[in-house]
Amino acid sequence: MSGILDIDHLTVTLAGEDRPKPVLSDVSMSIAEGEAVGLVGESGSGKSMTVRSIIRLLPPGARMEGNIRVRGVDLGTLRGAALRKMRAEMPVIFQDPRAHINPVRSVGDFLTEALRIHRRMSRAAAEDRAADVLDEVGVSEARRRLRQYPHELSGGLLQRVMIASALLAEPRLLLADEPTTALDVTTQAEVMAVMDELRRERGLAMLFITHDLELAAAICDRTAVMYAGRVMEVRASASLLERPLHPYTAALATARPSIERKVDRLTTIPGRPLSAFEAPDGCAFNTRCAHVRESCREQRPELRTLLDGQVACVRVEELQAVSHD
Amino acid sequence: MTATSVVRARAGARAGRGGLGPLGVTAATVIAVAVVLAAIGPELASADPNASDFAHAYGPPTPGHPLGYDSQGRDLLARLLTGARTSLLGPLWVVALGMTAGTAIAVVAAWRGGWLDSMVSSVLEVMFSFPGVLLAMLVAAVFGPGLTSAVFALAVAYIPYIARLVRSAAVAERHKPYIQALEVQGLGAFTICLRHLVPNLLPLLAAQATLFFGYAMVDLAIVSFFGLGVQPPDADWGVMVASGQSGVLQGYPAESLLAGGCIVLLVVAFNVLGERLSDGRRVHRPWRLFRRGGTA
Amino acid sequence: MTEAILEVEGLHKTFKGAVAVADVSFSLRPGAALAVVGESGSGKTTVARMIVGLERPTAGRITACGHDRSHPPRSVRERRRRGGEIQIVFQDPYSSLDPRQSPATAVDEILRLHTRLDAAGRRRRVAELADLVGLDERQMNVLPSELSGGQRQRVAIARALAAEPQILILDESVAALDVSIQAQVLNVLAGVRERTGVAYLFISHDLAVVRQVADEIVVMRGGSIVERGPTAQVLDNPRHPYTRLLRTSVPGPGWRPARRATRKETQ
Ligand SMILES: Nc1ncnc2c1ncn2[C@@H]1O[C@H](COP(=O)(O)OP(=O)(O)O)[C@@H](O)[C@H]1O
Ligand SMILES: Nc1ncnc2c1ncn2[C@@H]1O[C@H](COP(=O)(O)OP(=O)(O)O)[C@@H](O)[C@H]1O
Ligand SMILES: [Mg+2]
Ligand SMILES: [Mg+2]
C-alpha cells in the first residue's frame with residue numbers, strides 16, 4: 001500500500017554535545033491521498049523533527065535511518081534540483097509566521113517570487129494569481145495587502161498569507177507545524193476553517209501538528225499520538241477521543257480540563273514529558289504510566305494493529321476489558 | 001530496504017558556550033604570564049632598571065643582560081620587567097574606574113527610564129565626540145602630565161562607550177519578569193540592582209572590561225609616547241617605545257620593538273579573550289521588535 | 001459595607017494616545033477566584049500591572065485590603081505593605097526566576113523582607129512552601145536552569161506566597177505549560193486556595209482552564225469589559241456576541257471550525 005506519504009521505521013539521531021542524541025525512534029506512519037492526519041504530543045516528543053525529516057531540513061550532523069517516500073519516491077535518493085522540487089511541492093506552515101517571512105519585503109514580493117522565478121509568470125499575472133489566493137484564504141482587500149509589509153499585518157492575517165503562499169505551490173501534501181498555536185482561539189477557529197475548507201475542496205493531504213488533542217481530532221481523519229520520539233497510538237480521530245487505547249492518550253485526554261464541567265481535581269500524569277534521548281528502556285511511558293508492569297520495562301512494545309488503528313502497548317486488551325466492566 | 005543517511009555539515013567550529021577555544025586559551029595564558037610578571041617582575045630583574053652606564057649605550061646582549069641596553073645604557077630586560085607593572089596597572093585603573101562609573105550611570109538610566117534616560121543618552125552622545133587620547137592630553141596640559149591624570153582622563157573618555165553597551169543590556173534585564181516580581185514584592189530599587197540586576201550582567205561586564213583593557217593599554221601607551229603619561233625615567237612600555245625612537249633612526253630598534261611587541265601581544269590577547277567571553281552572551285533578539293509591533 | 005479585598009473602579013490606561021484599558025471596574029471577594037478572559041491585546045496584562053503597581057493608571061481607582069494603591073507608594077514601608085497584599089505570577093517560567101538564585105534562596109530573600117523569622121524559622125517556612133507547591137528538597141536547592149518549566153512556575157508560585165498575600169494574580173501562568181504539567185500546576189493552585197484562603201485574579205485566554213479555576217468571569221475586549229458573571233453562567237449561556245464567539249471557537253467533540261466569522265475579520 002502506498003499513500004502520498006509513507007514513513008518507515010524513521011529514526012533520527014542528532015549530534016549531541018558529548019554523545020549522540022536520539023530524537024525520533026522507529027516512527028512509522030502513512031498518509032493517503034486527500035487524507036488529513038493529526039500529530040499530537042507534548043513538547044519535545046519529536047513532532048517538529050518528524051516534519052523536518054520529511055523536508056530533509058535536519059540540524060547539521062543529524063543521522064537519519066529508515067525511509068520516507070512521497071508518492072512512492074524515496075526522498076533519500078533525491079539530490080539538488082529534484083530535492084528542491086519535491087520540497088516546493090510539500091510546503092510547510094510554521095507556528096511563527098514572522099520568523100519565516102522576510103520583514104523588509106512586501107507581502108506581494110513574498111507571494112509572487114516563486115511564481116515569477118519558477119513558473120516564469122509576468123509580475124502582473126503573478127499578482128493576479130496571488131490576489132486570488134489571498135481572497136480564497138479569507139484575506140480582505142487582497143490587492144492592498146500585496147503592497148503591505150509583514151509588520152503591518154496581525155498574526156492571524158500573516159498566517160493566512162503563509163497558507164496562501166503554500167497553496168500557490170499547488171501542493172498535494174500540506175505540512176502544518178502548530179500553525180495556530182500562537183493565535184487567539186477565535187483567530188485559530190477562522191484559520192482552521194480556511195485550511196479545512198480549502199483542503200477538502202482541493203483534496204489535499206495534510207500532516208497537521210498540534211499539542212491540542214481536541215483540535216487535531218476535530219479536523220483530521222486520523223490522529224497519531226507521539227511520546228518521546230515514538231508513535232504511541234494512531235486511530236480514527238473520533239474513536240481516539242471517545243475511547244483512547246493507549247494509557248498515555250487516555251491520560252492526556254483526562255489531564256486537559258474540560259470546558260463543559262469543573263472537576264475537583266484534574267487527573268494528572270506524574271513527572272514531566274520526556275524526549276527520546278531521556279526515554280527509559282522498554283515502553284517510553286513506563287516512568288509515568290499508572291498501569292505499568294514489569295514487562296513494560298523489559299521490552300519495547302511494537303506498534304500493532306488493533307480495532308481501527310494501531311497502538312503500542314502490551315496491556316491494551318487487559319485494560320480495555322477492565323474499563324468495560 | 002533501510003537506507004541510512006547522514007546530514008553532512010561542518011562539525012561545530014568551536015565548542016559552544018563556556019569553551020574559549022585554543023586561541024582563547026592562548027590569549028588567557030599570555031595575559032596570565034603578563035600579570036605574574038607585573039606582580040613579581042621588578043623583583044625578578046637582576047639589574048637596576050634606572051642605572052645608566054653610557055659605556056653600554058645601545059650595547060648588544062652580554063651575559064646577565066640578555067636583551068642588551070638602551071640609549072642610556074640601561075638594562076632592557078630590567079626595564080621591560082619593571083615597565084610591565086605600570087603598563088598593566090594604568091589600564092587596570094582606567095577600566096576599573098570607567099566600568100564602575102559607566103555601569104552605575106547605565107543602570108540608573110535603565111532603571112528610571114523616562115526623561116532621565118533620555119538625558120543621560122544625550123549627555124553620552126556629546127561625550128562621544130571627544131576622542132579619549134585628545135581628552136587625556138587636554139587634562140595633562142591643564143593638570144600637568146603624569147599617570148594619574150592620564151588614567152582619569154581615559155576613564156572619563158571610556159564612560160560613554162561602556163555606559164551605552166551596559167545600558168541596553170540593563171534595560172532588557174530590567175524588564176524581565178524576575179526583576180519585576182521583586183519590585184512587586186516591595187524590595188528597594190537599590191537592593192534589586194545590587195543583588196540581582198548587576199550580578200546578572202557580570203558576564204557581559206567581564207567581557208567588556210577585558211576588551212576595554214586592551215584599548216586602554218594602547219591609549220595609555222600613546223599618551224605616554226607623547227610624554228604626557230608616565231614620566232621618564234620611570235619604565236613604561238609606552239615611554240620605552242618613545243625613547244627608543246632615536247635608536248630606531250640610528251639602527252638600534254631593540255627598545256622600541258621589544259616594548260611595542262609586548263604592547264601588541266597583550267592588546268591582541270585581551271581582544272581575543274574579550275571577544276571569546278562576549279560570544280553568545282549578548283543574544284539580543286531583534287525579532288522581538290517585530291512581534292510586538294505586529295499585533296497592533 | 002464593602003467586603004471586597006480588591007476593588008477596581010473606572011480604570012483607564014493609554015499608551016502614547018493608544019487606549020489599552022478603558023473604564024474597567026470589578027471587585028474580588030476574599031478567597032474568591034475571578035477570571036479575566038479575552039484575546040491577546042485586550043488589556044488583561046495591563047490591568048494586572050496597574051494593580052501591582054508596575055504601571056500607573058491614567059485614571060481610575062484601585063483599592064486593596066482597604067488601602068488605596070492608585071498612586072506610587074510614598075514610603076519604603078508602604079511599598080513593603082503592598083507587597084504583602086498582592087503578588088503576581090507571570091506567564092514565562094523561564095524568565096520569572098533569577099538565574100543565579102536557587103528556589104530556596106529566592107523564597108528566603110522574600111521571607112527576610114516580609115517576616116521577622118529567624119534563620120531556622122525561615123528554613124521551616126521554605127520547606128512548608130515547597131511542600132505546598134509540590135517541590136522536593138533537591139529541587140529547592142538547584143539553580144533554575146536545572147528545573148523544567150512546570151517546576152519553575154511552582155517556584156514562582158511559592159515565592160509569591162511567601163509574603164502570605166491575600167490576593168494572587170496569575171497572568172497566563174499556566175499558558176506556556178504542557179498539558180500534563182498544566183494539570184499538575186492547576187491542582188497545586190486548587191490546593192493552595194483551599195489551604196491558604198488566598199484570592200485569585202486569574203488571567204487567561206483559555207476558557208477550559210478558567211472553568212476549572214474561577215468562580216466568576218469578566219470578559220474583556222479592546223480594553224473594556226463586555227460581559228461578566230458567574231463562571232457557569234458566562235460559559236454555558238454567554239450573552240454578548242463576543243463571548244459567544246469565544247465559546248464557539250473552542251475545539252471539542254463535534255466541533256467544526258466556522259468559516260462564517262472569517263469574512264468579518266477586522267484590520
Ligand atoms: N536544533 C536542535 N538541536 C538539538 N536538539 C534539538 C534541536 N531541535 C530539537 N531538538 C530536540 O529534539 C527533541 C524533539 O524536538 P521537537 O521535534 O522540536 O519536539 P516537538 O516539536 O514535539 O515539541 C527534543 O528533545 C528537542 O530538545
Ligand atoms: N508598555 C506598553 N507600551 C505601549 N503599548 C502597550 C504597552 N503594554 C501594552 N500595550 C498595548 O496595550 C494593549 C493591551 O495589551 P495587554 O494588556 O498586554 O493585553 P493582553 O494581556 O490582554 O494580551 C495592546 O494593544 C498592547 O499593544
Ligand atoms: Mg515543535
Ligand atoms: Mg497578556
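User: How do I read a radius of gyration here?
Analyst: The radius of gyration is taken over C-alpha atoms, and the globule rule is 2.2 Å times the number of residues to the power 0.38. This is a predicted model, where local features need pLDDT of at least 70 and side-chain atom pairs count only at pLDDT 80 or more, while totals for chains, interfaces and linings use all residues. Residues are numbered from 1 along each chain as its sequence is written, chains are lettered from A and ligands numbered from 1 in the order in which they are written, and side-chain values use heavy atoms, leaving out hydrogens and water. Now the case: for 267 residues, a compact globule would have a radius of gyration near 18 Å, and the 19 Å of chain C agrees with that. Its C-alpha atoms fill a box of roughly 60 × 45 × 35 Å along the principal axes.

User: What share of chain C counts as buried?
Analyst: Buried means under 20% relative accessible area, exposed over 50%, and partly exposed in between (1.4 Å probe, protein chains only). Of the 267 residues in chain C, 59% are buried. One of the residues to look at is C:Leu111, which sits in helix 3 (residues 103-114) of chain C and is buried, its relative accessible area being 0%.

User: Which residues does C:Leu111 touch?
Analyst: A contact means heavy atoms within 4.5 Å. Leaving aside residues up to four places away in sequence, C:Leu111 touches C:Arg122, C:Arg125, C:Val126 and C:Ala162. C:Arg125 is 14 residues from C:Leu111 along the chain, and their C-alpha atoms are 8.4 Å apart.

User: Where do the side chains of a strand point?
Analyst: In a regular strand, side chains alternate between the two faces of the sheet. Take strand 3 (residues 33-37) of chain C, with five of its five residues buried. C:Ala33, C:Ala35 and C:Val37 point one way, while C:Leu34 and C:Val36 point the other way.

User: Which strands pair with strand 3 of chain C?
Analyst: Strands of a sheet pair through backbone hydrogen bonds, either parallel or antiparallel. Two strands count as paired if DSSP finds at least two bridges between them. Strand 3 of chain C runs parallel to strand 8 (residues 199-204), joined by five bridges, with C:Ala35 opposite C:Phe202. Strand 3 of chain C also pairs with strand 9 (residues 216-221) in the parallel sense, over four bridges; there C:Glu216 is the bridge partner of C:Leu34.

User: What is the strand order in the sheet of chain A?
Analyst: Eight strands of chain A form an open sheet with mixed pairing, in the order 6-7-8-3-9-10-12-11. Strand 6 (92-93) and strand 11 (304-306) stand at the edges with a single partner strand each, so one side of each has no neighbour in the sheet. Strand 6 of chain A runs parallel to strand 7 (residues 173-177), with two bridges between them, and A:Ile93 stands opposite A:Ala176.
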